Amino acid sequence: MKKSAAFILLILLVASISFTSCVRKTRVDLILYNGKVYTVDSSFSVQQAFAIKDGKLLEVGDSKSILGKYEAADTIDAKGNAVYPGLMDAHAHFYAYAMGLTEVDLVGANSWQECVDRIKSYASAHKLSPGQWIVGRGWDQNDWEKKEFPDRELLDKDFPNNPIYLSRVDGHAALVNQKALELASIKPGQTLTGGVVEMKNNRLTGILVDNATGIVEQILPSSNDSAFLSRAFQEAQQNCFAQGLTTIEDCGLMKQQVDQLDSLQKAGLLKMKLVVLLSDAKSNYEYYLKAGTYKTPRLNVNGFKLYADGALGSRGACLLQPYSDKPGWYGFLLSNLTHYDSVLSLIVNSPFQACTHAIGDSGNRMILQAYARQLKGPNDRRWRIEHAQVINESDFEWFGKYNIVPSVQPTHATSDMYWAGDRLGKERLKGAYAFKKLLDENGWIALGTDFPVEDISPFKTFFAAVIRKDAKNFPEGGFQMENALTRMQALRGMTIWAAKGAFEEKEKGSIEKGKDADFIITDKNIMECDPQQILQTKVKATYINGEKVFEAK
Ligand SMILES: [Zn+2]
């Protein structure tokens, strides 16, 4: 080889080495590419890919540039599917929902056999291990053809290894099985004051009356038992992850409950991110107003939940004019004005938010005015009205003037629409569930479900907000469509605006550089699909801080 040829070869070799070192990729933990990524950033841009490092979004862009710049052992080909920020429910009852999952609902069962069937399906759905308790509530033999107390025989046959405790609808009697009798050391012939351990033909029937129920009640698993709690919350969060929820705002907890959630999160047993509104209780104010807000990577104790009035269905909501279907009846406030003023004046001088349940137009007016007295004018305290259900025409402007955040639940509109007109009459109904009007006032709105009052599905929220119909596709044309939100507004309400409602918009709620890598992949694209397909949308996978917490089978 000639000298000059060798020299050229050498140059080429050096050039190729420096070229490869030039494109050496940055190592990250996870890359998603080939998606239709709704970033929900300020311009609502749609991207294709992102890179994740240490649980945060490192860069968002098109697939070519992200794949060209980064490499990761773990990659997701989204195959063109829609990707959204993890969904947030701005108003729910996560703790109560989890506790509800630990019991079998026997209310309304038409026979003893139906009770047994419900217990069987509960047991198979929850994959009970031997020794695990089954607790049910609400049976009533007066609803059955054979109006006699049931007997433990069927329970013993089907559940020899699981203790069972089923309390009657009034709580004054319970049926237990053999396993529970053993654990409670209840013997035939046992007597006690103020209670009966029922016997028939010298055999314990399993029926315990009044004080006798207490013998078993005291050995039931309870919220003081951390293994029991952990099981309940894991099941609850799994159901939520399967629906794409990555943050839930739990409205109305006591300090002890907050501490339980905190320790489960710290132990890695609870991955759901939670925002907590504290109950309007003296002990909560005493502790938290001194201690201040509480924030960890997954928990944010940031506000107090007050109650103005009750609900519209039970006519507890407080109205300015009498109920249309109950002459002379206005409903009522749950506390007197001095209570709201004194509590709000404490909160306004603290870092906490005030969030108040208000349903009726009178309840809403009273709270809007009480807020205004403290807030005095434009502000960024983000005090919220939960539900903001019935608003008098002249009161909408308070939301705008005092930057009061409407925190609403679109499925309440489609659940209540069947009878809300009876309670309110035609005229007042126009100011009810007026989400668009509320959004126009404050400029943004937080969406939630209020589960377990409603179903946990955020897709039902989206459908009810945008299409204003229920799952039965009623009513044709939608309910009061002038107050429908656009798909973009609804998605913002379930992500970035929900986060903003808890002062968390800098860390979550959109797919943007620097934020927590909370995102979901769905099989249908709710931003573009036919309205009929919205409710059929399935979550394919859910990620929190870049960790996969759910994947559809
Ligand atoms: Zn609620």
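## Backbone features, a helix pair and a sheet

Arginine 315 is partly exposed, having 18 other C-beta atoms within 10 Å; on this scale, which uses C-beta atoms placed from the backbone, a residue is buried if 20 or more other C-beta atoms lie within 10 Å of its own, exposed if 12 or fewer, and partly exposed in between. The structure is a predicted model, in which local features need pLDDT of at least 70 and side-chain atom pairs count only at pLDDT 80 or more, while totals for chains, interfaces and linings use all residues. Residues are numbered from 1 along each chain as its sequence is written.

Arginine 315 belongs to the loop between strand E20 (299-307) and helix H11 (337-348), where helices (H or I, at least four residues) and strands (E, at least two) are DSSP runs numbered from the N terminus. The phi angle of arginine 315 is near 60 degrees, a positive value in a residue other than glycine. Asparagine 473, likewise not a glycine, has a positive phi of about 65 degrees; this residue sits in the loop between H17 and H18 and counts as exposed, with 12 C-beta neighbours inside 10 Å.

Helix H3 (residues 94-101) packs against helix H8 (residues 226-241) at an angle of about 110 degrees, with the axes 8 Å apart; axes are lines fitted to C-alpha atoms, for helices over the stretch in contact, and angles run from 0 to 180 degrees between N-to-C directions. H3 and H8 are therefore roughly perpendicular to each other, a term that covers angles of 65 to 115 degrees, with those under 35 roughly parallel, those over 145 roughly antiparallel and the rest oblique. On the H3 side Phe94, Tyr97, Ala98, Met99 and Leu101 meet Ala232, Phe233, Glu235 and Ala236 of H8, contact being defined by C-beta atoms, placed from the backbone, that lie within 7 Å.

How values were computed: Two residues are in contact if their C-beta atoms, placed from the backbone, lie within 7 Å.
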